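Biologist: I am new to this structure. Please take me through one part closely, then show me how other parts pack and pair.

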Amino acid sequence: MNRKGITRREFLKGSAATAVTAAAMGLLTACSTGETTNQTTPKPETQAALKWNEAPAKIAEDQIKETVETEVLVVGGGGAGLFAAASAAEQGAKVLMIEKLLSHGTERHWLGAVGSKAAQAAGVDFDKQELVEELMKYASCRADQKLIQLWADRSGEMIDWLADLMAEKVPGTKMHMEWDIGHGSHGSYKIFPTMHNLQNDETHETVDYFMPVVDYIKSLGVEIRYETPLVQIERKEGGRVTGVIAKNGEDYIRINASKGVILCCGGYSADKEMLKELNPTAYKSITSTDSHGYNTGDGIKAAVWIGAAKDDDGTAMLFDRGAIQPDRFIDGNWDDFGYLIFGSHPFLKVNLKGERFVNESLPYDFMLHAGSLQPKRLYNTIFDSNWHEHVKQMYQIGCARIEPSQSGGLLQIFDHESAEGLLHGLIEGGYVQQADTLEELAEKLHIPADQFVATVNRYNELCAQGEDEDFGKESYRMLALDKAPFYGARQGATILCTLDGLRINTHMNVLDTEGEPIEGLYAAGDCSGGFFAHNYPEYIVGVAIGRTLTFGRIAGEVVASL
């Protein structure tokens, strides 16, 4: 396995905690949404006290050193931005993309879509309307069903476009459909086979798509300006957005966009103060971050400053993999990083009192929501030396996979061998505790031994009878903990990104606080909203990046046609 420059050999070394930390961060980045932000230039000291939603002073005219004219301006060079630029340029529009980094962001390979040619070839067929309604249920209907329907209707088309492009640009590439998602029962959670990925079966490798798409849009005449952060959006008083002010080095530049501006700037997961205000529940659960450091909400802020509306409900993509040492608590310090892939498997979970508290067969952030109600908002994942066999039987999906897909899909962060190496490194780093007895494990985890042993004994009793009378976990996932050594890890949430953003309509047009479109302003990806609320439905694998890429293409198509 080789994902994002971290090799299996590095994991199998099981070396110092710092090496494990660096490796895990690189791997989890591969599991991100594939977007970057476009960072706002630091405000002058006189404006430092402004809140995120309070507009700074306009940039003075004498500070603007250059004016650039284009038809379509794409702000941000992540997944949504690249796909928006491609779509607009294919229709002949003059497109300029600005990106605050030196290059494009990380890409996510778990691509969620419905009705693609790959799905049809794999014989995948399900009720699309049932999927739409399931996503609405996840969001407690605090979402725009028209947007979810749009993704369901257009995502297959996006996947087919990408498949054709990649087959041309990288010979041997094919779009793979992971048809075994939905195999078996996952409790009361409905699972749909939506996940696609690009791979080469001959070389046995997954295939990256960002740079081929970059080369493609350049061939269409798209101009890309790197190290050019968004500063402000320019709008006529109560009217149309005309363009933006950006920064190039020390100089401000004005970019006029005659057809429109498409914000593809990512969320705000790296802005702790913004996250603390807008999503305090998530903030208080986080032990570590794999958020892109530039996801500071710049597109959301700049749009709100000129009258745009934002989702009311804070929504973060949280993963139940943030291990910390057992003498630590949630303290707002996210720099320490113990990446616990086992946290996303339905092993026994106990709180800091040693008590079981939930059915462990939950989507990632649902597990974290349950854990956030426990003492200190933390809990422990417990497993034993049979974990290889247990993982096979639990058969997790998406980026939690350790057991390979029956479909022949190659996309995994870890397999059994590399997960073994990761475990050794986490033990050496003090993130995972290992013990020959349950009493010793309890002592190392700083939890009451008597209660913990009683909990495990009760759990094993339920496993033996084949029915979870206490919490209702599926019988095939009730697997006794009886083979030493035993393992445990204290954990909370790892944050990847936020998903609440600017309100948009089905044309990707940003809406104002009265629900009316702001002419000339569009958004796609994590800086846009209306699709999720409160949580990310991980069991509908790839839906976030599927929405991002689909809506990016739609935004480019719409704006270019104006």
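Modeller: Start where helix 14 ends. His-446 follows helix 14 and has a positive phi, near 60°. Helices here are DSSP runs of H or I with at least four residues, strands are runs of E with at least two, and both are numbered from the N terminus. This is a predicted model, in which local features need pLDDT of at least 70, side-chain atom pairs count only at pLDDT 80 or more, and totals for chains, interfaces and linings use all residues. Residues are numbered from 1 along each chain as its sequence is written, and side-chain values use heavy atoms, with hydrogens and water left out.

Now step back into helix 14 itself, residues 438-445. Its buried residues are Leu-438, Leu-441, Ala-442 and Leu-445. Buried means under 20% relative accessible area, exposed over 50%, and partly exposed in between, with a 1.4 Å probe and protein chains only. Seen down the helix axis, these buried residues fall within an arc of 100°, so they line one face of helix 14. The arc is taken from the directions between the helix axis and the C-beta atoms. An α-helix has 3.6 residues a turn, so residues three or four places apart point the same way. What covers the buried residues of helix 14? The cover includes strand 17 (379-384), strand 18 (433-435), helix 15 (449-465) and strand 19 (486-498).

Next, helix 6, residues 145-169. Ile-148 sits in this helix. Ile-148 is buried, with a relative accessible area of 0%. Beyond its neighbours within four places in sequence, Ile-148 is in contact (heavy atoms within 4.5 Å) with Val-132, Leu-135, Met-136, Ala-143 and Phe-531. Glu-133 is 15 residues from Ile-148 in sequence, and their C-alpha atoms are 8.9 Å apart.

Helix 6 also meets helix 7 (residues 210-219): their axes come within 10 Å and cross at roughly 90°. The two helices are therefore roughly perpendicular, a label for angles of 65 to 115 degrees. On helix 6 the contact is made by Trp-161, Leu-162, Leu-165, Met-166 and Lys-169. On helix 7 it is made by Pro-212, Val-213 and Tyr-216. By class, that contact has 7 nonpolar, no polar and 1 charged residues.

Last, strand 3, residues 64-75. Strand 3 pairs with strand 12 (residues 251-263) in the parallel sense over 10 bridges; pairing takes at least two DSSP bridges. Ile-64 stands opposite Tyr-252 of strand 12. Strand 3 also pairs in the parallel sense with strand 4 (residues 95-99), over 4 bridges. There, Val-74 has Met-97 as its bridge partner.

Notes: Axes fitted to C-alpha atoms, helices over the stretch in contact; angles between N-to-C directions. Parallel < 35°, antiparallel > 145°, perpendicular 65-115°, else oblique. Nonpolar A, V, L, I, M, F, W, Y, C, P; charged D, E, K, R; others polar.
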